[in-house]
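Keep the viewer open as you read.

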Amino acid sequence: MFMNGFEHFEEHFKNPDRRYAIYQIIHDYIAHADADYYDRSGFAGVVGNVAYTVPSPTDGTAKGFPDDEDAWQKTADGFRSFAKRGMHTWIYDEKGYPSGTGGGYVTEQHPEYIAKGLYCYDYWRVIYGPSVYRADVPGDQLWKALLLPTDGGDAIDVTEYLNENNVLYVPVPKGSYHLFMMSKRRLFDGTHATESFSEPRNYISLSDMDATKAFIESTHEHYRKVLGDEFGKSVLATFTDEPSLISWNIRHGVFPILPWHEKYPDEFQARYGYDFSLACVAVVLRMGNDQTKRRCDFWEYIADTVANGFFATIQDWCHQNNLKSSGHMLEEERLQAHVFNYGSFYRSMKHMDWPGIDQLETVPEYLMGEHQIPIARFIASFADINGEHETFTEFSDHCVRMRGEIAPIDYYYQSVNWHHAMGINNFTSYYTWQNITDEEKRCLNRYTARAGYLLRQGKRDSKAAILYPEAAMWDSYQPSTDKRAVDDSERMMSVQSSFEKASWELLHRQVDFDYIDVDILVHAEIKNGKLTYRDREYEAVILPCARVLEDAAVQKLIAIAKSGIAIFCCKELPQISRESGAATEYTAMLRQMYNAEENVYLAEEIEAFGALLDAHFPAKSRSVITKDNNPMILSHVRVTERGEKIIFIANMGKETFCGDIAFYGEYATACLANCHTGDIVPIAAPTDGTTTSVALEIASGEGKFILLK
């Protein structure tokens, strides 16, 4: 019998664990789902939820969610029907979305948990003193009224001059001032509370741990009571859907909004040593002292309350109950949305065991859209770095259907290939399967599972790290009244565009990379000419417009460059200290190293970043080499403990790729692994002593595996 060198993969590749196939999402009564049908069609299982029944509006005899015991029992029976067939399930934790209210039950029973925001009104005229000025106040309840000196300096608090009729009579000192008022108001009109596909529904504050616990009590605990013996066995994870701070408008707004919770002022004062209102002024108006520091303090504080109040609370419950926490966020693809939705997407996502995305597109050219974050690679980084190695996508033909079209089976495969190349390995589906036969479903599920098996071997060979520029984001974003709270200022767009550009230019050059934050950067070690963190080893660091950066991070960058590791900056070098809001000796030193070409490189124009990489990026840090840096070729390279390389190549272009794919190093054995047939066959792989090459023909939308030993 001929030995191909990869016999240890063959059995599991030919007959992979069905858990690696596709899960269908079912929001109708899961007890009515035809488990036999999904079994025959090769699905991994389903994502399901309890029926959110409502009480009778007439006689009140029928119990509704969450007290409908019959609904819970039927739901448990439905989940168990899949378990009996060796299939797996995930629990979807909400009625529609956004997750957090149990179909409105939590906010109805506990109105104190309803999210509020600060509506910020900057009166358009300058007022002069000495005088007494009268003003009615906006919103439901005035929190602060401030006079802001036009010549600079900090605000004067005049809130105490609000009378019993809700009118301000302000004694204005000598000088000229802006009148700035912030009022607390329920978040509803024009926000995600009214604009989701689910129903108009009040929402909780993600900063409120008690609200999250009430949500868990109304949903998760009921699943535990009726299904807990299957947790960690057939039931793998919980799926939370688009939770976010909703202190922004999807429609056009009137006043800028900031997130609010009653605990914010005291906690902020204790942590940072100054009044919360001063940070609010810095965020909304860029006025007052220490603006950069205060803007960063504000969003950092919000980020930590969200990460701990919602995501860590759910994760802790999941860990106590042998489940994985999973789900996806809102607007992952837009960097500035990370600020007003979470404070920091990165800090919240660290509390998901199996982080996820939603991908509503399925057409290859749209999947490869460069004017957004490549969210699948972004999310997969969390799993790669943190060690769980499991990610997921809520993928669908939604956008195709919205255009009045039907997705052909080819689009299904192309979307699976795109996700796998980026690093996503669990698939939960909203696909309609319109015009797709049962046999085509079985074939797609086998294909997905086989690829999923190979792409769980070893670790991703990421050799570059892109910094998530939190401080620059915090300093740049201006709360906006435009639709979807878009801040199109040059300051914000340069950070967002740099982040997108740096990401896609690496993908176009088939470079495997991770996204890291400042905490990882600072705590990583420099060993043997590489920046190492856990099992990650980086040979280059990318800074996308990280103009504002922590002092410790800049010091670390200097050490990194001195060790010989290349640093590539898109648009700007770090130049402002997050702590002081000014240039420091460290930012000056980093610029000197750039001027002296000491492993620090800069593309001052965002569009020039690709050329900068071509000129200076370490050649051996390229995972895969293709002719002309084919931008429609995606690669995913993994290295096993045996030293084998598993390379997945996806052609997302419209034309067939014909040519050589090359890899640094000499390899004695090369094989192609065919996910359609389950076969692993030898192929020619000549070497010139430096690189090994394989001649491939990859049709449009096709994916192929190369195994090297």
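Which residue of β19 does Lys527 stand opposite? The residue is Lys530. This is a predicted model, so local features need pLDDT of at least 70 and side-chain atom pairs count only at pLDDT 80 or more, while totals for chains, interfaces and linings use all residues. Residues are numbered from 1 along each chain as its sequence is written, and side-chain values use heavy atoms, with hydrogens and water left out.

β18 and strand β19 (residues 530-533) pair in the antiparallel sense over 3 bridges. Strands here are DSSP runs of E, at least two residues long, and helices are runs of H or I, at least four long, numbered from the N terminus; two strands count as paired if DSSP finds at least two bridges between them. β18 and β19 belong to an open sheet of 3 strands, ordered β18-β19-β20, with antiparallel pairing. Its edges are β18 (525-527) and β20 (536-538), each pairing on one side only. Ignoring direction, neighbouring strands of this sheet are turned by 35 degrees against each other on average.

Now look at another sheet. Five strands make up this open one, in the order β17-β16-β21-β23-β25, and the pairing is parallel. From one strand to the next, the twist averages 20 degrees. Inside it, strand β16 (residues 464-467) and strand β21 (residues 540-544) pair in the parallel sense over 3 bridges, and Ala465 stands opposite Val541 in β21.

Strand β10 (residues 257-260) is worth a stop too. In a regular strand the side chains alternate between the two faces of the sheet. In β10, Ile257 and Pro259 point one way, Leu258 and Trp260 the other way, and all are buried, meaning under 20% relative accessible area with a 1.4 Å probe, protein chains only (over 50% is exposed, in between is partly exposed). Strand β4 (residues 116-122) runs antiparallel to β10, joined to it by 4 bridges, and Tyr119 has Ile257 as its bridge partner in β10.

On to a helix. Why is α7 (residues 220-227) largely enclosed by the rest of the structure? Because 6 of its 8 residues are buried: His220, Glu221, His222, Tyr223, Val226 and Leu227. Those residues pack against α3 (69-83), β3 (88-92), α6 (209-218), β9 (235-241) and α10 (291-320).

Take α3 from that list. The axes of α3 and α7 come within 9 Å and cross at roughly 65 degrees; axes are lines fitted to C-alpha atoms, for helices over the stretch in contact, and angles run from 0 to 180 degrees between N-to-C directions. On the α3 side, Trp72, Gln73, Thr75, Ala76, Phe79 and Arg80 meet His222, Tyr223, Val226 and Leu227 in α7, where contact means heavy atoms within 4.5 Å.

Finally, zoom out. The protein chain has 23 helices and 32 strands. Its C-alpha trace spans about 95 × 80 × 45 Å along the principal axes. Of the 709 residues, 61% count as buried. Among contacts in the chain with a separation of 6 or more, 79% come from residues 24 or more positions apart.
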